[in-house]
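Here's a quick tour for anyone meeting this structure for the first time. Have a look at the model, then read on.

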Amino acid sequence: MSQLATELSALVDDLVRGHAATGAADERRTLWEQTRELGLHRVGIAEEQGGSGGALEDLAAIVGALGRNGVSLPVVETATADWVIAHGTGLTDRVATLFLSDHPLDTAAGTVTAELRGVPWARDSELLVVCAPGTAPLLVDLGHPSAEVRPGENLAGEPRDVVVLDGVPVTSSADGGPDTERVRARLALLWSAAVTGAAHGAFRLTKTYVSERHQFGGPLLKIPAVAGNLALMRVELLQADAALSLALSGRPSPFAVESARLVTATAATTVARIAHQLHGAMGITQEYPLHRFTRRLWAWRDAVASERECAESLGHRAVALGEEETWALLTPA
C-alpha cells in the first residue's frame, strides 16, 4: 500500500470515529457531507479533470476503510460515476451515481424510457450514469420531471431504488472515455476492496469477542475449535488481501480483476459464516455490531456479479489462456 493510501485509510478511521457508529441516517448523512468536502469521493481522478488526484489504489484504500468500520456511503458509485463524467462533460458539484444495465437501452431519439431496478443511492443523487452493453455510458438528469425514484434497499439496508424514466433526455459520454467493460472492472475492484475491508472488520470484532468471552474457566479462544476457525478466517483474509493487491498493481487485467472478485467473495462467505458461529446467539442481536459487517459482506460480494458468475467467467478465461499463461498471471515475477 502506498504512503498516500495509508494516510487516506487512517483519515477515514478518524472521520468515522465518534459518529456514524450506529449507521443512523443522520450520522451517515453528516459523514457523507464531510467525505465530499474533503474530496475523498474524487480520489483516483486527475486534478486537471476536476478530481482530487491519486490512483485507483488510493480510492480502494478509502473504500476498504469504510468497509472495515462497517459504514455505508455511496463512495463506490459516486466515485465511479464521477470518473466517467470527468472524461466527458466535466465534473460539477452535482452528486452522481451509477447503474450497470444488463440490457441495451433505446436512445435513438435522444431520450430513454425504461424502468431501472436496484439503482444505488438514486434518491440522494442528482445525476445518473447508465452503463449498458453496446453503448457509451449515458448521463441522465434525475431531476427531470419525467424521472421518478421509488425507494428500495438491499440486504445491508442501503438505498437500491427503482428509477422510472419516461422519455427523459440522455447525453452520451465523450469519445475516448471509459466503455462499459472498463467501468465494470473498476466497480469490481472497488467492491472487492469494500468486501475485504468489511471482512477485516468482522474478523477484528470476532477475535476481540472470543478473547474476552470466558467459558469453562478461560477465554473462548483457548478452545481448539474456536482457535482453528479464527485461523481459517485469517487465512481467507490473507488470500483476499493478496488477490486485491495483485489486481491493483499496474493496469488491472480482466483475469486479475475477476480473480480478486472471486477470492474476496469467497472470503466474504466464509468470514461471515464463521463470525456468526463463534459469536453464537450474540451474533444475531440488533444491538451487537456484527450485523453491520456481515450484512454488508452478503450484499457487497454480489454487487457486480454473483460468486458463481465470477467463477464461471474466470474458468472460461483460464481455459482460453491455457495452463502456462494462467500460471504466469497468477504468479507474476
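**Around Phe255**

Leaving aside residues up to four places away in sequence, Phe255 touches Leu314, Arg317, Ala318, Leu321, Thr326, Leu329 and Leu330. Keep in mind that you're looking at a predicted model. Here's how that residue sits, followed by the rest of the chain.

- Phe255 belongs to helix H7, which covers residues 254-279.
- Is Phe255 buried or exposed? Its relative accessibility is 7%, so it counts as buried, the cut-off for that being under 20%.
- One of the residues it touches is Ala318. Phe255 and Ala318 are 63 residues apart along the chain, yet their C-alpha atoms are separated by 8.2 Å.

**The chain as a whole**

- The chain has 10 helices and 8 strands.
- Its radius of gyration is 20 Å, close to the 20 Å that the globule rule gives for 333 residues, so the chain is as compact as a globular protein of that length.
- Take the contacts between residues at least 6 apart in sequence: 72% of them join residues at least 24 apart.

**Inside and outside**

- Of the 333 residues, 50% count as buried.
- The chain exposes about 15,500 Å², and 53% of that comes from carbon and sulfur atoms.
- On the charge side, there are 28 positive and 40 negative charges, and the mean positions of the two sets are 7 Å apart.

**Helix H4**

- H4 spans residues 75-86, which makes 12 residues.
- From its first C-alpha to its last, H4 reaches 16 Å, close to the 16 Å expected at 1.5 Å a residue.
- How many of the residues of H4 are buried? The count is 12 of 12, so this helix is mostly covered, with buried meaning under 20% relative accessible area.
- Among those buried residues are Glu77 and Asp82, along with Trp83, Val84 and Ile85.

- Just after H9 comes Gly322, with a positive phi of about 95 degrees.
- Helix H10 runs over residues 323-330, and Glu325 has its place there.
- Glu325 is partly exposed, at a relative accessible area of 43%.
- Glu325 and Val226 are 99 residues apart along the chain, and their C-alpha atoms are separated by 40 Å.

- Most residues other than glycine have a negative phi.
- Trp121 isn't a glycine, but its phi is positive, at about 60 degrees.
- You'll find Trp121 in the loop between strand S2 (111-120) and strand S3 (127-131).
- With a relative accessible area of 4%, Trp121 is buried.
- Phe216 isn't a glycine either, and it also has a positive phi of about 60 degrees.
- Where is Phe216? Look in the loop between strand S7 (214-215) and strand S8 (218-219).
- Phe216 has 74% relative accessibility and counts as exposed, whereas Trp121 is buried.

Terms used
Residues numbered from 1 in each chain as written. Predicted model: local features only at pLDDT ≥ 70, side-chain atom pairs only at ≥ 80, totals over all residues. Heavy atoms only, no water. Helix = DSSP H or I, 4+ residues; strand = E, 2+ residues; numbered from the N terminus. Rg over C-alpha atoms; globule rule 2.2 N^0.38 Å. Buried < 20%, exposed > 50% of the residue type's maximum accessible area, 1.4 Å probe, protein only. Contact = heavy atoms within 4.5 Å. Areas by Shrake-Rupley, 256 points an atom, 1.4 Å probe, with all protein chains shown as cover. Lys, Arg positive; Asp, Glu negative; His and termini not counted. Charge placed at Lys NZ, Arg CZ, Asp CG, Glu CD. Expected span 1.5 Å × (residues − 1).
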